[in-house]
Amino acid sequence: MNKVYWDKAMAFLAATNIDTLSVGKHVIDGENIFVSVSEGPTKEYDKTSWESHRNYLDIHLMIVGKERIGMMDTATATVTNAYDAAKDVANYDLNTKGNYYVADPNTLLIFFPQDAHRPSIHVDAYDKVKKLVFKIRVAQ
């Protein structure tokens, strides 16, 4: 992790009313740090997939609603779609076991490059969510 990028991301979070952030990409430091705000429905479990990234760590923060997010170590998974450098993503076998968490507005989840994650899983009574995902470039 790059401490300078981390500090900039946390300063942005501290100085920003996340409830009023518009949907879309918000650049903090070029391609080194940005946040994407999304709003929409969650998905049934079988419509979600495992993913990981090499160039960025992800910080997921719910603004409104709840969703389940899975997490597992990429070393224990079978790759189904090899790493795509242009998209900074690899995908894994959907049957891979992981740990699942319910993300709500009081939850901040951090996924490092070795952490595959499976976001956007539906939680009963919460059909729609608004969330932000920080992308922070990892130290090379």
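Predicted model: local features only at pLDDT ≥ 70, side-chain atom pairs only at ≥ 80, totals over all residues.
1. Strand pairing. Strand β10 spans residues 115-121, and seven of its seven residues are buried, so that the strand is mostly covered under the cut-off of 20% relative accessible area. Its partner is strand β5, residues 67-73; the two run antiparallel and are joined by five bridges. Within this pairing, methionine 72 faces alanine 116 of β10.

2. The nonpolar core. The largest nonpolar core comprises 16 residues. Those with the most contacts inside it are Ile18, Leu57, Ile59, Leu132, Phe134 and Ile136. At least two residues of this core come from each of α1, β2 (33-41), β4 (56-64) and β11 (128-137). Strand β4 gives the largest share, namely four residues.

3. Leucine 57. Among the core residues with the most contacts is Leu57. Leaving aside residues up to four places away in sequence, leucine 57 touches Met1, Trp6, Ile110, Phe111, Phe112, Phe134, Lys135, Ile136 and Val138. Two of these neighbours, Phe134 and Ile136, are also listed among the residues with the most contacts inside the core.

4. Salt bridges in general. Side chains of opposite charge can pair when their charged atoms come close. The model has five salt bridges by the rule applied. Three of them are described in the points that follow, beginning with the pair of aspartate 7 and lysine 3.

5. Aspartate 7 and lysine 3. The closest N and O atoms of this salt bridge are 2.7 Å apart. Both residues belong to helix α1 (residues 3-15), where they are four residues apart, about one turn of the helix. Aspartate 7 has a relative accessible area of 36% and is therefore partly exposed. Lysine 3, at 55%, is exposed, because its value is over 50%.

6. Aspartate 29 and lysine 8. A second salt bridge joins the side chains of aspartate 29 and lysine 8, with an N to O distance of 2.9 Å. This pair connects distant parts of the chain: aspartate 29 is in strand β1 (residues 24-29) and lysine 8 is in helix α1, 21 residues apart. Lysine 8 is partly exposed, its relative accessible area being 38%.

7. Glutamate 31 and lysine 25. In this salt bridge the closest N and O atoms lie 3.1 Å apart. Glutamate 31 is partly exposed at 43% relative accessible area, and lysine 25 is partly exposed at 45%.

8. Lysine 135. This residue is in strand β11. Is lysine 135 buried or exposed? Its relative accessibility is 15%, so lysine 135 counts as buried.

9. Histidine 122. The loop between β10 and β11 holds histidine 122. What does the side chain of histidine 122 reach at 3.4 Å? It is the backbone oxygen of tyrosine 126. With residues up to four places away in sequence left out, histidine 122 touches Thr42, Lys43, Glu44, Arg68 and Asp127.

Definitions and conventions: Residues numbered from 1 in each chain as written. Heavy atoms only, no water. Buried < 20%, exposed > 50% of the residue type's maximum accessible area, 1.4 Å probe, protein only. Pairing = 2+ DSSP bridges. Salt bridge = Lys/Arg side-chain N within 4 Å of Asp/Glu carboxyl O. Core = buried A, V, L, I, M, F, W, Y, C linked by side-chain atoms within 4.5 Å. Contact = heavy atoms within 4.5 Å. Polar contact = N/O pair within 3.5 Å; in protein donor to acceptor, adjacent residues only side chain to side chain.
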